[in-house]
Amino acid sequence: MAWEWVAPVATASAGAAGIFFTWLTGAQGRRQLERLSRRAEETARRERSIQERRDAYLAALMVCRLDMARARYERKGDDEKLAEVHRSFPKGERVRMSIEAQIAVETFGSAAARRATALWADAAGVGEERMRQVYEQLVALARAELGATALDETLLARPVEVPRSRSTHGYE
């Protein structure tokens, strides 16, 4: 009779341990789920910011290219192409594009990009060569910030061989 209490106590202890470890596993699972959820939210926020920055830089570069084309056509006296630009992008549209690009870069761009777009306004008054320099700086900045330069390095590290056609049509 002295040992009759051992079985119920052992069963109760095992049950209590089971309940405790079930609770502990659930708590750890909830904490892990919460951490994963925060990481997913942060990743989504970062991706949205990168997309906004990319869109801002592309809008600014589009305005720059349009201004450079207009300056080149004016310098060459190519009235036909200049008229085509004005038909495709009337003054009101160009102003709207410029304002939207400036606001987007000011909102989502880096400090260096904001300085580059400020330089653009000055370059437009100086001349086509200065416009080209600032445009190239802005392209390099956008590629560096958005990670496009890493793509160049990857592509250079692993060159792709273009298969040669069986028929060269007389060209070797």
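**How helix 4 meets its neighbours**

Mentor: Let's start with helix 3 and helix 4, whose crossing is left-handed (the near helix is turned anticlockwise from the far one by less than a right angle). What you see is a predicted model, in which local features need pLDDT of at least 70 and side-chain atom pairs 80 or more, while totals for chains, interfaces and linings use all residues. Residues are numbered from 1 along each chain, and side-chain values use heavy atoms, without hydrogens and water.

Helix 3 covers 91–108 and helix 4 covers 111–126 (helices are DSSP runs of at least four residues). Their axes come within 8 Å and cross at roughly 155° (axes are lines fitted to C-alpha atoms over the stretch in contact, with angles from 0 to 180 degrees between N-to-C directions). Helix 3 and helix 4 are therefore roughly antiparallel (over 145 degrees; under 35 counts as roughly parallel).

Now follow the chain onward from helix 4 to helix 5, residues 128–146. Here the packing angle is about 165°, and the axes lie 8 Å apart. That makes helix 4 roughly antiparallel to helix 5. The crossing of helix 4 with helix 5 is left-handed.

Helix 4 has another partner in helix 1: these two pack at about 20°, with 12 Å between their axes. That angle makes helix 1 roughly parallel to helix 4. Once again you will find a left-handed crossing, this time between helix 1 and helix 4.

Just after helix 1 comes Gly-77, with a positive phi of about 75°.

To bring this together, helix 4 runs roughly antiparallel to helix 3 and to helix 5, but roughly parallel to helix 1.

How values were computed. Angles under 35 degrees count as roughly parallel, over 145 as roughly antiparallel, 65 to 115 as roughly perpendicular and the rest as oblique.
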